[in-house]
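Hi,

Here is the structure you asked about. Have a look at it, then read my notes below.

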Amino acid sequence: MDFKNLSNEEAVFEKTKQSFVVPELRENAEILQGKIQPQLIQGQDLKGILHVHTTYSDGLHSLREMCEHTRSLGYAYIGITDHSQSAFYANGLKPDRVLAQMEEIEKLNAELAPFRIFKGIESDILNDGSLDYDDALLEQFDFVIASVHSNLRMNIEKATERVVRAIEHPCTTILGHPTGRLLLSREGYPLDWDAVFEACAKHKVSIELNAHPRRLDIYWTLIPRALAHGIRISINPDAHSKDGILHTRYGVMVARKGGLTAAGCLNAEVGIFGN
Ligand SMILES: [Zn+2]
Ligand SMILES: [Zn+2]
């Protein structure tokens, strides 16, 4: 077969009488055989940005700056999730500062409408799997990202038990950076994924694809398994500055390798968290 005068990939597929497969999915045998061809998520499918830090904890820019910047990028909403009180090294929020932030968010919501600011928190998952505030305070958030930030050296039983307990908490909305890995420097803790996925499905908890280029956590090969459980993936920048919002693009790239569609993505939806 002569491929010399073909100018693009589509032409190569056509010449070999195969339906075109996007580059991200060429490791998937079923797709290569033409059995399925999902409509992969694109950056423009994302309607809002979740997992954003501000100067309330360890972010570089203020609450107002992060909100106005996200709105200027064309998104419909932002979910603010500063660190919770146990993350003292990251200036985590004591309850009085949580309430102060909620008050500021309410004022900004009135000012910036129809852009919407959700009151969230990135709650530490404590050593025993509980969250970092009492339930009365947790219930006041629009959503809660539960993440492990401390005592990361755990065996698979301990790690799974800790994470599953956090998933079971009725206030947990999203499991943040599920393995705690940092690319090229930290492997993260092992998890029994069947147990984690079953718990997420049962308690309607979404799983984060942390789009920070040093994390990219959850690993993309696990996305199809999560989707098979009916779990939605949230592509989150974990932004600590205005520019950090742009990390979502890496998340979208990785999510596409995992076969994610807009329907499977939490923040590709407009009306979330009951709003
Ligand atoms: Zn985190
Ligand atoms: Zn974070």
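A residue is buried if 20 or more other C-beta atoms lie within 10 Å of its own, exposed if 12 or fewer, and partly exposed in between, with C-beta atoms placed from the backbone. Helices (H or I, at least four residues) and strands (E, at least two) are DSSP runs, numbered from the N terminus.

Some ground rules. This is a predicted model, where local features need pLDDT of at least 70, side-chain atom pairs count only at pLDDT 80 or more, and totals for chains, interfaces and linings use all residues. Residues are numbered from 1 along each chain as its sequence is written, while chains are lettered from A and ligands numbered from 1 in the order in which they are written.

**The whole chain**

The protein chain has 9 helices and 7 strands. Of its 275 residues, 43% are buried. The C-alpha trace spans about 70 × 45 × 35 Å along its principal axes.

**Strand 3**

How many residues of strand 3 are buried? The count is 9 of 9, for residues 116–124. Arg116, Phe118, Gly120, Glu122 and Asp124 point one way. Ile117, Lys119, Ile121 and Ser123 point the other way.

Strand 3 has partners. Two strands pair if DSSP finds at least two bridges between them. Strand 2 (residues 77–83) runs parallel to strand 3, joined by 7 bridges. There, tyrosine 77 stands opposite arginine 116. Strand 4 (residues 143–147) is also parallel to strand 3, with 5 bridges. Glutamate 122 has isoleucine 145 of strand 4 as its bridge partner.

**Helix 9**

Helix 9 covers residues 248–257. Its buried residues are Thr248, Gly251, Val252, Val254, Ala255 and Arg256. What covers them includes strand 1 (48–52), strand 6 (206–210), helix 8 (223–228) and strand 7 (233–236). Just after helix 9, glycine 259 takes a positive phi of about 80 degrees.

**The core**

A nonpolar core is a set of buried Ala, Val, Leu, Ile, Met, Phe, Trp, Tyr and Cys residues joined through C-beta atoms within 7 Å. The largest one has 61 residues. Val163, Cys200, Ile223, Ile233 and Ala255 have the most contacts inside it. Helix 6 (residues 156–168) gives the largest share of this core, 5 residues.

Which residues does isoleucine 223 touch? Contact means C-beta atoms, placed from the backbone, within 7 Å. Leaving out residues up to four places away in sequence, isoleucine 223 touches Ile218, Ile233, Ala255, Gly258, Gly259 and Leu260.

Best wishes

Definitions and conventions: Two residues are in contact if their C-beta atoms, placed from the backbone, lie within 7 Å.
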